[in-house]
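User: I'm new to this one. Can you put it up and walk me through it?

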Amino acid sequence: MEPDRSIMRETTRDFQTYYSPMLHGEVRLDTNTNVLGSNPAAAEYLRTHTWDLNGYPDTYSRDLRAALGELYGVDPDCIIAGNGSDEMIDVIFKTFTNWGDNSVVPVPSYSLYDYFVRMNGGRAIPVDLTEDYQLDVDSMVKQENAKVTIVPSPNNPTGNCFRTKDLEELISRFDGIVVMDEAYTEYTGTDGFIKRATEFDNLVVTRTFSKVYAMAALRVGYMVANRKLTDMMMSVKIPYSLNAISEGAAVAALKDQDFVRRSVQMVTEQRPKLEAGLRKLGFEPFPSDSNFILARSPIDHTALVEGLKKKGVLIRDFGSKRRTENCVRPTVGTEELNRLLLEKTAEVIDECR
Ligand SMILES: *Cc1c(COP(=O)(O)O)cnc(C)c1O
């Protein structure tokens, strides 16, 4: 029986629960987390520390913000930390959009943007990326009454970075807050916009410990903006949303930048090999600056993803979405994981033909 959802808030009535596959020990190349496994410094911290479970965490995560401020050369008062960058994105819309306000969301990009815009009562205005998955800045800036726009760079699911000059143009021409989601920026070998975020009137840069830092389980994210904007957002964020255990682990993880370098290095080495392997099997891979590759499948996307799942490998399916028709998105694995993925993919393709 269909539940009667009329008692729900109108703007969220058609919401569905998020991606949540049933797991049976599969190899996970579907979430873009770090295939080298748990962050070693964070794991060591968790093994060797105890906490006063009766005490609240620091209300606004001062230790972590101080450590991040040092790493990036940014005033800690211009940094907010919380429960994953997803919470940061939620706080941004909570702070800057009124009921019914428009926010501009590129297509294709991260599926949760639309969810956070609408959850906060706003309307998500989709603007297509260009043919080569770059920003259509002219279209984005001409949307009327738009309060916020949010762009991931590198983009998920397409994997590419947007051009710096387009991002700068977007910041200067968009009449509202520009959010740059830098979840994968460590993989680009550049600083992205994080060190410069406070120089702009209208820029918020978000980052996460879920990807290259290999601690998605602990849910830690943060954002940087000028002091005026962070003061506003700090007053809206739920106090204590980042728990003390995760905060401590994140501070420990920041001290081991060598792990980050090794992780990036591994991806830089393996990505072209995986791309070549996919091409050989008939895929059309798109250029990636991240730890994942979007690729158009030579066989039906559902048959591929389901077939791989039966053989113990999960990848993410984007094949039913506009602009990524018949595409899948595997995370770049280690040499061994990529070999496994390519072997199993070849088997599925053979069985389908
Ligand atoms: C994975 C990902 C995030 C991370 O979200 P957390 O809440 O920090 O785990 C944010 N943005 C994009 C585009 C992502 O792919």
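Analyst: Let's start with a side-chain pair. The side chains of Ser241 and Lys237 make a polar contact at 2.6 Å. A polar contact is a pair of N or O atoms within 3.5 Å; within protein, one must be able to donate a hydrogen and the other to accept it, and residues adjacent in sequence count only if both atoms are side-chain atoms. This is a predicted model: local features need pLDDT of at least 70, side-chain atom pairs count only at pLDDT 80 or more, and totals for chains, interfaces and linings use all residues. Residues are numbered from 1 along each chain as its sequence is written, and side-chain values use heavy atoms, with hydrogens and water left out.

User: Where does Ser241 lie?

Analyst: Ser241 is in the loop between α7 (227-234) and α8. Helices (H or I, at least four residues) and strands (E, at least two) are DSSP runs, numbered from the N terminus.

User: Does Ser241 count as buried or exposed?

Analyst: Ser241 counts as buried, because its relative accessibility is 17%. Buried means under 20% relative accessible area, exposed over 50%, partly exposed in between (1.4 Å probe, protein chains only).

User: And what does Ser241 touch, not counting residues up to four places away in sequence?

Analyst: Gly82, Asn83 and Glu87. Contact means heavy atoms within 4.5 Å.

User: On to α8. How many residues of that helix are buried?

Analyst: Nine of the eleven in α8 (residues 244-254), so the helix is largely enclosed by the rest of the structure. Among them are Gly248, Val251 and Leu254.

User: What do the buried residues of α8 pack against?

Analyst: They pack against α1 (40-48), α2 (62-72) and α9 (257-280).

User: Which residue caps the N-terminal end of α8?

Analyst: Asn243 does. One of its side-chain oxygens is 3.0 Å from the backbone nitrogen of Ile245.

User: Zoom out. How many helices and strands does the chain have?

Analyst: The protein chain has eleven helices and twelve strands. Its radius of gyration is 20 Å, close to the 20 Å the globule rule gives for 353 residues, so the chain is as compact as a globular protein of that length. That radius is taken over C-alpha atoms, and the rule is 2.2 Å times the number of residues to the power 0.38.

User: What share of the residues is buried?

Analyst: Buried residues make up 54% of the 353. Also, among contacts between residues at least 6 apart in sequence, 73% join residues at least 24 apart.

User: Back to details. Which residues does a cis peptide bond join?

Analyst: Val107 and Pro108 are joined by one, with omega about 0°. Pro108 lies in the loop between β3 and α4 (112-119). The bond from Asn156 to Pro157 is cis too, with omega near 15°.

User: What about strand β3 itself? Where is Ser103?

Analyst: Ser103 is in β3, residues 102-107. Ser103 counts as buried because its relative accessibility is 1%. Leaving aside neighbours within four places in sequence, its contacts include Phe93, Arg123 and Val148.

User: Last one. What is Asp300 doing?

Analyst: Asp300 is in the loop between β10 (295-296) and α10 (301-310). Its side chain reaches the backbone nitrogen of Thr302 at 3.2 Å. At 42% relative accessibility, Asp300 counts as partly exposed. Asp300 and Glu325 are 25 residues apart in sequence and 10.0 Å apart in space, C-alpha to C-alpha.
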